[in-house]
Amino acid sequence: MAEAEIALDIQNLKKYFGGIKAVDGCTFQVPKGQISGLIGPNGSGKTTTFNLLTGVLEADSGDVFYNGENIVGLRPYEIFNRGISRTFQITRIYREMTVFENMLSASSMKIPVREARERAEQLMEFVTLTKLRGEYGGNLSYGQQKLLEFARALMTDPDLILLDEPAAGVNRTLLNNLLEHIHHLQEDQGKTVLIVEHDMNVIMNHCEKVFVLDYGVKIAEGLPEDIQKNEDVIEAYFGHR
Amino acid sequence: MQEKAEIRSKYWLAVFLVAAYTIPFGVGIYTDNVFFDLQWLADLTTVILNGIMQGGVYAMFAVGLTLIFGVMRIINVAHGELVMLGAYLTWMFFFYVGVDPLLALFITLPIAFCIGLLIQKLLLNAVVGGPELTPLLITFGLGLTIIHIVEAIFTTDYRTIPYAPDAFQLTETIAVSRSKIISFVMAAFISISVFVFLKLHRLGKAIRATAQNADVAMVCGINIFHIYMITSGLAAALAVAGGALVSIQFGFNPETGVLYTLQAFAIIVLGGRGHYIGALIGGVMLAVIESLISFMIPNGTAMVEIASYGMMVFVLLIRPRGLMGPKEN
Ligand SMILES: Nc1ncnc2c1ncn2[C@@H]1O[C@H](COP(=O)(O)OP(=O)(O)OP(=O)(O)O)[C@@H](O)[C@H]1O
Ligand SMILES: [Mg+2]
């Protein structure tokens, strides 16, 4: 297998919260056009890494190169406009807006309204939420909220999609649906997807490459089956700490 | 369990409001200020109508306060000072340039919008989302600064703008002052315009989105600091418009802003913090209570402020959500 192009080059990224070293000199490269997994025990810094990549949090130090540009220090909307989109670990949707309004909220001001509406319709169809288009976000089931958040993350046709625990709290059928969509994005549209997930089935069966974080440091990377056998990883998950 | 507490608080709020509206009548009867003849009823109707008209203006500037709170969770205690500033701006254009107070809105509103933008950019953007006390103290300082600047320029004398003082005869016995009607119509127009903007315009939707969840808005391509600035600009414009409309009805001096801040707070507490329609309803309700107090209670004009204080304290005790606010998390 030829070495894949790099979508995201993370170099020595650091974020401390007071004494807590949430991300502590993290370095890894996310391959382009693939589905990759980011795993690690609770509190190992996965969500914080996502927050740093999307500009929600400001990194203490380190660089993140995306298409050759260092995006550390950019505002969240600037990063979003460069084609990086995300979902949240605990779904965050606008509860007092309808499904359709939620979708439109993520469209760039620069594209015409009509185009945005069309895209929203397509994506709602894609995640089977069309019937619920007029329903308020707050009235959706948790799984439906996840789908909505996922669809909303695709509104601007991003090249890199960061998913924070897409499987948590979602029933099997919905999850399979979601995974199918993710594969569709990667295979047919060449998108890069980075998934944080505790559900090892998802990671093992759907990711080409896996990165493992522990205490804010990348301790391993590789193919899912290799990661499963990696001693450091087993130690991080099960070992005495 | 929670459901029950919710229903109980609603019930007590209703009891409180009924009491608030009946107490002036009670005091009026006790002090022989209430006569059940036709003339008195006509006067009462006039007073209530005036209250509603007045309420429209209150509602408008209260909406500005609720917008800022809703979008940024900032309590802007300088809001009333912007109302006062609006009155002085209008007065200046009226006396020095001879511009009609309502036409002056075309000049004062853009100025106000820019002032709001600047306040946000220079003072508040850095502290949004931090500890609540910081923006509170900043706006407190800002309010005092505005008062002192205005005092230095215009002294503490009361100013008035003579404008449409004659009354509009609804019937033979019921008359409403013309400036009140004009103010009400303008306030309604402006409030509805802003509402429609928030509901339908893309930027308005982005403002609502930021209010509902800034974290999401941020990663969905919305420059939230840009949104904060527009929100502050709008709020300042609403306050200054309020100032223009009260300036043609009442005298004002640099200290009057404090009362408007208080009223705006009472209104948004009653209506439900961050709730647009709630603020409109709360504004009218407060103004009507105020007019009843000043109509029926001897020396009532001096006591109207009690309505605001009482409203704020009791609603916060009974039902912090107010009439339409979101559930506390
Ligand atoms: N805003 C914050 N302020 C202070 N500490 C934080 C903050 N966000 C995260 N942390 C801490 O940083 C560490 C990493 O948290 P993070 O949420 O990134 O972990 P995670 O790998 O996503 O965990 P999980 O699997 O439980 O989601 C934790 O110790 C957490 O308590
Ligand atoms: Mg997490």
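Modeller: Helices are DSSP runs of H or I with at least four residues, strands are runs of E with at least two, and both are numbered from the N terminus. This is a predicted model, in which local features need pLDDT of at least 70 and side-chain atom pairs count only at pLDDT 80 or more, while totals for chains, interfaces and linings use all residues. Residues are numbered from 1 along each chain as its sequence is written, chains are lettered from A and ligands numbered from 1 in the order in which they are written, and side-chain values use heavy atoms, with hydrogens and water left out.

Asn50(B) has a relative accessible area of 18%, so it counts as buried; the term buried means under 20%, exposed means over 50%, and partly exposed is in between, with a 1.4 Å probe and protein chains only. Gly56(B) is likewise buried, at 10%.

What do these two residues touch? Contact means heavy atoms within 4.5 Å. With neighbours within four places in sequence set aside, Asn50(B) is in contact with Val176(B), Ser177(B) and Lys180(B). On that basis of leaving out residues up to four places away, Gly56(B) touches Phe184(B), Ala187(B) and Val284(B). Between the C-alpha atoms of Gly56(B) and Ile181(B) there are 9.8 Å in space, against 125 residues in sequence.

Helix 1 spans residues 2-30 and helix 2 spans 38-72, and Asp32(B) sits in the loop between them. Although Asp32(B) is not a glycine, its phi is positive, at about 60 degrees. Its relative accessible area is 58%, so Asp32(B) is exposed.

Now chain B as a whole. The chain holds 12 helices and 2 strands, in the order α-α-α-α-α-β-β-α-α-α-α-α-α-α along the sequence. Buried residues are 53% of its 329. For 329 residues a compact globule would be near 20 Å, and the 20 Å of chain B agrees with that. The C-alpha trace spans about 65 × 65 × 35 Å along its principal axes.

Surface and charge follow. Accessible areas come from the Shrake-Rupley method with a 1.4 Å probe, and for residues only the protein chains shown count as cover. Chain B has an accessible surface of about 14800 Å², and carbon and sulfur atoms hold 71% of that. For charges, Lys and Arg count as positive and Asp and Glu as negative, while His and the chain ends are not counted; the place of a charge is NZ of Lys, CZ of Arg, CG of Asp or CD of Glu. On that count chain B has 16 positive and 17 negative side chains, with the centres of the two sets 17 Å apart.

Chain A gives a point of reference. It has 9 helices and 10 strands. Its radius of gyration of 18 Å is close to the 18 Å of the globule rule for 241 residues, so chain A is as compact as a globular protein of that length. Of those 241 residues, 51% are buried. Chain A exposes about 11100 Å², with 48% supplied by carbon and sulfur atoms. It carries 24 positive and 34 negative side chains, whose centres lie 5 Å apart.

Chain A also has a metal site. Thr47(A), through OG1, and Gln89(A), through OE1, coordinate the magnesium ion (ligand 2) at 1.9 to 2.1 Å. The two are 42 residues apart and link distant parts of the chain, Thr47(A) in helix 1 (residues 46-53) and Gln89(A) in the loop between strand 6 (84-86) and helix 3 (99-105). Donors are N, O and S atoms within 2.8 Å of the metal (3.2 Å for Na, K and Ca), and water is not among the atoms, so sites may look incomplete. Thr47(A) is partly exposed at 26%, and Gln89(A) is partly exposed at 31%. Helix 1 of chain A is largely enclosed by the rest of the structure, because 7 of its 8 residues are buried.

Methods: The radius of gyration is taken over C-alpha atoms; the globule rule is 2.2 Å times the number of residues to the power 0.38.
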